[in-house]
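Here are my notes on the model you sent over.

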Amino acid sequence: MQVPVGLVTGATSDRQQIADLFNGMYTAMAHGDYATVCGDLTASQQAKVVAGAQRAGLNESSCADTLTAVIKRAGISRSQLAQTFGAGGANHKVDSISIHGDQATVKFTEQTNGRSYVETDAVLRQNGKWRADRILTRNQTG
């Protein structure tokens, strides 16, 4: 069952924790805090980040070090990250959250660079904490 996030009551509800997860990931990216970003990913997604970068020729062994190296190699500055993920950058809103035990899906809308996207992501509870797992769908809407 999907319930709009606006109907969430209580700051510690699963739905609120999931909404906070996504909002926190945007904030962490805006500040270049890759340790937080990676900590908000499932263990399998952290491993995929590292493995993908290793296939591309990077030799980092942790997710945070990999994100740091990828961002540096791409020539993206802290101010560009802040612009993209922070105020004045991507505008995002969690639209709905559907929870089934320790698995959930999150649908959110992002507007960036004059384009709108609707994305649905899988979220899993690992060690008592909700973590982003993977993008299920992402479609440009405008």
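Predicted model: local features only at pLDDT ≥ 70, side-chain atom pairs only at ≥ 80, totals over all residues.

1. Start with helix 3 (residues 43-55) and helix 4 (residues 63-74). Their axes come within 9 Å of each other and cross at roughly 45°. As for its hand, the crossing of helix 3 and helix 4 is left-handed.

2. Who does the touching there? On the helix 3 side the contact uses Gln46, Val49, Val50 and Ala53, and on the helix 4 side Cys63, Thr66, Leu67 and Val70. Sorted by class, the residues of this contact come out as 6 nonpolar and 2 polar, with no charged ones.

3. Now look at helix 1 (residues 14-30) against helix 5 (residues 78-85). These two pack at an angle of about 155°, and their axes are 7 Å apart. Helix 1 is therefore roughly antiparallel to helix 5, since the cut-off for that label is an angle over 145 degrees. Tyr26, Met29 and Ala30 of helix 1 meet Arg78, Leu81, Ala82 and Phe85 of helix 5. By class, this contact has 6 nonpolar residues, no polar ones and 1 charged residue.

4. On to charges: how many salt bridges does the count come to? It comes to 7 salt bridges. One of them pairs the side chains of Asp40 and Lys129, at 3.3 Å from N to O. This pair links distant parts of the chain, as Asp40 sits in the loop between helix 2 (34-39) and helix 3, while Lys129 is in strand 5 (residues 129-140), 89 residues apart. Is Asp40 buried or exposed? Asp40 counts as buried, because its relative accessibility is 8%, and the cut-off for buried is under 20%. Lys129, at 36% relative accessible area, is partly exposed.

5. Arg138 has a relative accessible area of 36%, so it is partly exposed. Glu119 is at 6% relative accessibility and so counts as buried.

6. Then there is Arg134, which forms a salt bridge with Asp133, with 2.4 Å between the closest N and O atoms. Arg134 counts as partly exposed at 42% relative accessibility, whereas Asp133 is buried at 7%.

7. Last, the cysteine: Cys38 is found in helix 2. Its relative accessible area is 3%, so Cys38 is buried. Which residues does Cys38 contact, leaving aside its neighbours within four places in sequence? They are Gln46, Cys63, Ala64 and Leu67. Gln46, Cys63 and Leu67 also turn up in the contact of helix 3 with helix 4. As for Thr66, its C-alpha atom is 9.8 Å from that of Cys38, with the two residues 28 apart along the chain.

Methods: Residues numbered from 1 in each chain as written. Heavy atoms only, no water. Axes fitted to C-alpha atoms, helices over the stretch in contact; angles between N-to-C directions. Helix = DSSP H or I, 4+ residues; strand = E, 2+ residues; numbered from the N terminus. Left-handed = near helix turned anticlockwise from the far one by under 90°. Contact = heavy atoms within 4.5 Å. Nonpolar A, V, L, I, M, F, W, Y, C, P; charged D, E, K, R; others polar. Parallel < 35°, antiparallel > 145°, perpendicular 65-115°, else oblique. Salt bridge = Lys/Arg side-chain N within 4 Å of Asp/Glu carboxyl O. Buried < 20%, exposed > 50% of the residue type's maximum accessible area, 1.4 Å probe, protein only.
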